Amino acid sequence: MHVVSLYPVLMTDDVSASAAFFVDLLDFSVVFETPWYVSLASGRQELALVDRDHPTIPVGHRGASSQHLLVNVEVDDVDAAHERLVGSGACEELLSLRSEDFGQRHFIVRGPAGVLVDVITPIPPAGDFDGMTVTLDQAATGT
């Protein structure tokens with residue numbers, strides 16, 4: 001089997017408002033839209049949203065949301081993204097902008113339906129983390 005695509009689908013009670021968050025604040029584009037499901041893309045990255053009460057959600061799971069989920073969004077300029085999301089007052093900051101020794105400069109905001117959105121720009125790892133990072137190309141080829 002060869003996986004050709006993998007993307008999260010967030011269950012939400014307000015598909016339109018959730019989509020607007022990713023479109024307006026993180027520059028995603030709508031690639032498919034119904035009142036109960038929206039597929040978004042940013043370059044080759046995909047994300048979808050589904051109404052948490054839709055019949056395609058298995059019985060026993062309907063009505064749930066994607067709360068307690070952490071979605072990483074990697075951007076080219078985390079400081080500019082921080083200003084756009086937090087500095088403008090558009091989002092509630094849950095973790096302040098910081099640089100981490102494990103190789104990330106990032107912050108976390110509350111996204112739609114209680115989803116945590118971790119906005120990240122990779123930076124060189126430091127200390128004990130230096131040299132631990134493997135690229136996706138290296139992982140795919142085993143080099």
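## About the model

The structure is a predicted model, in which local features need pLDDT of at least 70 and side-chain atom pairs count only at pLDDT 80 or more, while totals for chains, interfaces and linings use all residues. Residues are numbered from 1 along each chain as its sequence is written, and side-chain values use heavy atoms, with hydrogens and water left out.

Helices (H or I, at least four residues) and strands (E, at least two) are DSSP runs that are numbered from the N terminus.

## The hairpin of β6 and β7

Strand β6, residues 93-100, pairs with β7 in the antiparallel sense over five bridges, where two strands are said to pair if DSSP finds at least two bridges between them. The two strands form a hairpin with three residues between them, and Gly103, which lies in the turn, has a positive phi of about 105°.

## The nonpolar cores

The largest nonpolar core has 24 residues, and those with the most contacts inside it are Phe21, Phe22, Leu26, Leu85, Phe107, Val109 and Val117. Here a nonpolar core is a set of buried Ala, Val, Leu, Ile, Met, Phe, Trp, Tyr and Cys residues joined through side-chain atoms within 4.5 Å; buried means under 20% relative accessible area, exposed means over 50%, and partly exposed is in between, with a 1.4 Å probe and protein chains only. The elements that give two or more residues to this core are α1 (15-26), β3 (37-42), β4 (45-51), β5 (70-74), α2 (78-87), β7 (104-110) and β8 (116-122), and α1 gives the most, with six residues. Apart from this core lies another, of five residues, among them Tyr37, Ala48, Val50 and Ile57.

Not counting residues up to four places away in sequence, Val117 touches Phe21, Phe22, Leu26, Val71, Val73, Phe107, Ile108, Val109 and Gly111, contact meaning heavy atoms within 4.5 Å. Val73 lies in strand β5 and is buried, with a relative accessible area of 11%. Leaving aside its neighbours within four places in sequence, Val73 is in contact with Leu26, Val117, Asp118, Val119 and Ile120; the C-alpha atoms of Val73 and Val119 are separated by 4.9 Å, although these residues are 46 residues apart along the chain.

## Salt bridges

A search of the whole structure finds three salt bridges, each defined as a side-chain nitrogen of Lys or Arg within 4 Å of a carboxyl oxygen of Asp or Glu. In one of them Asp27 is joined to Arg84, with the closest N and O atoms 2.9 Å apart. Asp27 lies in the loop between α1 and β2 and Arg84 in helix α2, so this pair ties together parts that are 57 residues apart in sequence. Asp27 is partly exposed at 49% relative accessibility, and Arg84 is also partly exposed, with a relative accessible area of 35%.

Another salt bridge is formed by Asp79 with Arg105, the closest N and O atoms being 2.9 Å apart; this pair links distant parts of the chain, with Asp79 in helix α2 and Arg105 in strand β7, 26 residues apart. Asp79 counts as partly exposed at 38% relative accessibility, as does Arg105 with a relative accessible area of 23%. Arg110 forms a salt bridge with Glu92, where the closest N and O atoms are 2.9 Å apart, and here strand β7, which holds Arg110, is linked with the loop between α2 and β6, which holds Glu92, 18 residues apart. Arg110 is partly exposed at 39% relative accessibility, and Glu92 is partly exposed with a relative accessible area of 43%.

## Backbone angles in two loops

Most residues other than glycine have a negative phi. Asp27, in the loop between α1 and β2 (29-33), has a positive phi of about 60° although it is not a glycine. Ala113, whose place is in the loop between β7 and β8, likewise has a positive phi of about 60° without being a glycine, and Ala113 is partly exposed, with a relative accessible area of 28%.
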